[in-house]
Amino acid sequence: MERRRCEERLEKKGIRPTAVRVLVLDALSASGRAVSLPELEALLGSVDKSSIFRTLNLFRRHHLVHALEDGSGALKYEVCGGEEACSVSDMHPHFYCECCRRTFCFEAMRIPPVRLPEGFVLHEINYMVKGICRACAEKGK
């Protein structure tokens, strides 16, 4: 994502666009998939882990990113699809490859509506499918 666009998106969310915040948002956007803190740390070699972690938490509080659990033991982070808010309607299924341990986003698919009993309020859905991705399946042939 272009630096100016990152800055505009941060400002729109009420986040001051510091150099680290722009770098983290750009790396998340460029990845095209949900990534873990260690993966982001590797992508942003010059930025320390604690700065990345604080930035991700700030982004979550401002609904710029959402976190998901894929069963790997590490939270994965993904930029919210909507410009204004990270809503349930923006959520989509994810696929965790048990071979390469990557998490893929299936943005074209929608999560079926969930009707909760009266009094329950839905904030987030984590719809995770696990198996073997196309690339790993082809290597195994």
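Surface patches are made of residues with over 30% relative accessible area and no salt bridge, with like charges joined within 9 Å and nonpolar side chains (Val, Leu, Ile, Met, Phe, Trp, Tyr) within 5 Å. A salt bridge is a side-chain nitrogen of Lys or Arg within 4 Å of a carboxyl oxygen of Asp or Glu. The model is predicted, with local features requiring pLDDT of at least 70 and side-chain atom pairs pLDDT 80 or more, whereas totals for chains, interfaces and linings use all residues. Residues are numbered from 1 along each chain as its sequence is written, and side-chain values use heavy atoms, without hydrogens and water.

**View A. A nonpolar surface patch.** Val-114, Leu-116, Phe-120 and Leu-122 make a nonpolar patch of about 350 Å² (Shrake-Rupley areas, 1.4 Å probe, only the protein chains shown counting as cover for residues). Phe-120 is located in the loop between β5 and β6. Its relative accessibility of 57% makes Phe-120 exposed (buried, under 20%; exposed, over 50%; partly exposed, in between).

**View B. The open sheet β5-β4-β6.** Three strands (DSSP E runs of at least two residues, numbered from the N terminus) form this open sheet with mixed pairing (at least two DSSP bridges between two strands). Its edge strands are β5 (103-105) and β6 (128-131). Strand β4 (residues 94-97) runs parallel to β6, joined by four bridges; Phe-95 has Val-129 of β6 as its bridge partner.

**View C. The aromatic pair.** One aromatic pair is counted (ring centres within 6.5 Å; planes under 30 degrees apart stacked, over 60 edge-to-face, the rest tilted). The ring centres of Phe-95 and Phe-106 lie 6.1 Å apart with planes at 35°, so the pair is tilted. Phe-95 is buried at 12% relative accessible area, whereas Phe-106 is partly exposed at 30%.

Key
Buried < 20%, exposed > 50% of the residue type's maximum accessible area, 1.4 Å probe, protein only. Phe/Tyr/Trp six-rings, centres within 6.5 Å; stacked < 30°, edge-to-face > 60°.
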